[in-house]
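Hi,

Here is the model I promised to pass on. Have a look at it first, and then read my notes below.

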Amino acid sequence: MRTDRRMNRSLIPLGLAVLAGAMLATSATEAAQRKVLFENFTMAG
Amino acid sequence: MGDYPDSLVALQPHVGDNWANTWTWARWNFYDGYYVPRVQVDGLVGLVGSGEGSYSNMKNHMLDRLAIPTNVTIELYGDLVENQTYLITAVLYLEEGAAREQVRVHLIDCLFDWPYNTDGRYNNGVKQGFDLGYQTLNPGEETVIQQEVTFDGESWQSQDDIRIGFYAHEPLGSGPAEVYQAEMIAWPFPSYDMCPGDIDDDGVVDTADLLALLAAWGNTSGPEDINGDGLVNTADLLQLLSEWGQCP
């Protein structure tokens with residue numbers, strides 16, 4: 001059981017790091033959100 | 001496609017009719033100079049005719065493109081120079097860590113519901129366009145591109161319909177050429193000037209600016225027209241007062 005607790009504790013920083021990484025990745029994606037260009041070439045009749 | 005106002009920049013270049021212009025012809029020839037009507041999606045896919053250009057088909061192509069990340073952002077601003085002329089400022093940013101990138105950029109002056117809009121098809125007709133050529137973007141840095149645009153009388157009569165579009169695509173001389181990013185703003189434009197109330201440009205909004213504004217009351221242009229709507233009036237006074245003090 002003691003070993004398990006130590007393992008759990010050691011997993012906390014790892015979990016935080018993963019969470020931080022995910023947040024950074026999300027913010028980076030938001031910073032460069034694409035807008036799609038539609039060029040609607042038309043010849044009026 | 002009004003269902004996706006934050007994901008779509010749509011413009012309508014006319015060719016072969018009374019509303020075509022130098023830029024629309026050039027842009028059409030950039031692709032193949034043959035098929036019309038045709039919707040070109042992000043410079044890559046040409047959807048020809050009403051079958052390929054059906055709503056569901058266009059929507060699927062848009063969603064496909066939205067799912068692909070980009071590393072370029074564009075912000076647009078517009079500030080009144082005089083009469084019907086605005087200085088349009090585009091701020092391009094290439095994400096840090098990206099490779100140095102060359103792009104080709106275009107600025108487009110559009111008018112919503114032009115040349116006419118009896119059935120909702122004629123949105124953002126292209127009044128004039130500016131091929132601003134090849135620009136180099138450096139990772140982690142802003143690149144500022146400016147162009148003066150004079151709106152014609154027809155546009156000035158429908159100011160709320162004025163749109164400015166801008167996009168950056170692969171540095172190629174003919175299509176297909178992937179569009180990295182596009183943006184569009186409507187009149188009245190956000191100002192590039194971080195401190196428009198500072199009329200005399202001394203770094204502080206104070207009594208001198210207030211007096212300058214009052215002296216120009218009723219004028220239709222000039223730095224005293226802080227919000228750039230073509231009239232120095234109460235709206236400008238209120239904006240000046242809201243910025244009172246040191247500029248950011």
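Asn83(B) sits in the loop between strand 4 (72–82) and strand 5 (85–94) of chain B; helices (H or I, at least four residues) and strands (E, at least two) are DSSP runs, numbered from the N terminus. This Asn83(B) has a positive phi of about 45° although it isn't a glycine. With 12 C-beta neighbours inside 10 Å, Asn83(B) counts as exposed (12 or fewer other C-beta atoms within 10 Å of its own, with C-beta atoms placed from the backbone).

Asp201(B), in the loop between strand 10 and strand 11 (204–205) of chain B, also isn't a glycine and has a positive phi, about 55°. Asp201(B) is exposed too, with 11 other C-beta atoms within 10 Å.

A word on provenance: this is a predicted model, where local features need pLDDT of at least 70, side-chain atom pairs count only at pLDDT 80 or more, and totals for chains, interfaces and linings use all residues. Residues are numbered from 1 along each chain as its sequence is written, while chains are lettered from A and ligands numbered from 1 in the order in which they are written.

Two cis peptide bonds to check: Trp114(B) to Pro115(B), omega about 10°, and Gly175(B) to Pro176(B), omega near 0°. Pro115(B) is in the loop between strand 6 (101–111) and strand 7 (125–137) of chain B.

As for the interface, 14 residues of chain A are in contact with 37 residues of chain B (C-beta atoms, placed from the backbone, within 7 Å). Strand 1 of chain A gives the largest share of chain A's side, six residues.

Cheers

How values were computed: Two residues are in contact if their C-beta atoms, placed from the backbone, lie within 7 Å. A residue is buried if 20 or more other C-beta atoms lie within 10 Å of its own, exposed if 12 or fewer, and partly exposed in between; C-beta atoms are placed from the backbone.
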